[in-house]
Amino acid sequence: MAGGIPDIGDMPATALRVLLIEDHTDFREGLSHLIKCTAGFALAGSFPSVEDAERGLPAEVDVILLDIHLPGRSGIEAIASLRSRLPEARIIMITVFDDDENIFNAILSGADGYILKKTPPAQILQAVVDARDGGTPMTPYVARKVVEYFKKASAPASHDLTAREVEVLQALSRGLDTQEIADTLFIATDTVRNHLKHIYAKLHVRSRSQAVAFAIKNRLA
């Protein structure tokens, strides 16, 4: 890491492709410049609205940085359609809003992370890397609110997870990525992916962040 900016230059030749949807011109241009000028990152596109992004959506995106308050459809409203068109992309909300309603609506809609715009540039880039690697990046303040909210939630709901699937879900809740889960449980990464597929199906969720939210709410983590 040089100058506080994560250096992913030792990654494979293909850069980490980031799509930015943000209506504030100065912030969008500044973040676009940061992404383009950091080794190992590539700007897949930069748009002021969801509608503009969908008209010029690139074929391949690794991580989407998505604002909430946008002209036209909001970022939260757009999560489902963006995921359907770019199913492999990870989605991080990047916003000034730190209220319960926006945080939990974003997570329950399938966002893979939630960070605030005041986050330092190096940490924003690190969040992108973490999301690409299967993590669930959140500003510490947001993460505390999520944990506190689900600790106060209702009694555990029933589920049909096997003992091994519960272990995988608990590891996921600790922030471990696929390889780390495999190493911890002494199983193959393909086996972890297979367990995750079954967990998502049984819990009727579509993302790691939703699975983690279920685990916290139902006291499995």
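Asp67 touches Ile21, Glu22, Asp23, Gly75, Met93, Ile94, Thr95 and Lys117, leaving aside residues up to four places away in sequence; contact means heavy atoms within 4.5 Å. The model is predicted, so local features need pLDDT of at least 70 and side-chain atom pairs count only at pLDDT 80 or more, while totals for chains, interfaces and linings use all residues. Residues are numbered from 1 along each chain as its sequence is written, and side-chain values use heavy atoms, without hydrogens and water.

Asp67
- Asp67 lies in the loop between strand 3 (63–66) and helix 3 (75–85); helices (H or I, at least four residues) and strands (E, at least two) are DSSP runs, numbered from the N terminus.
- Asp67 counts as buried because its relative accessibility is 3%, the cut-off for buried being under 20% relative accessible area (1.4 Å probe, protein chains only).

Helix 7 against helix 9
- Helix 7 (residues 163–173) and helix 9 (residues 189–203) pack at about 95 degrees, with axes 10 Å apart; axes are lines fitted to C-alpha atoms over the stretch in contact, and angles run from 0 to 180 degrees between N-to-C directions.
- Helix 7 and helix 9 are therefore roughly perpendicular, a class covering 65 to 115 degrees.
- Arg164, Glu165, Val168, Leu169 and Leu172 of helix 7 meet His195, Leu196, His198, Ile199, Lys202 and Leu203 of helix 9.

Rest of helix 7
- The buried residues of helix 7 include Val166 and Ala171, and its buried residues pack against helix 8 (178–185), helix 9 and helix 10 (208–217).

How values were computed:
Buried < 20%, exposed > 50% of the residue type's maximum accessible area, 1.4 Å probe, protein only. Parallel < 35°, antiparallel > 145°, perpendicular 65-115°, else oblique.
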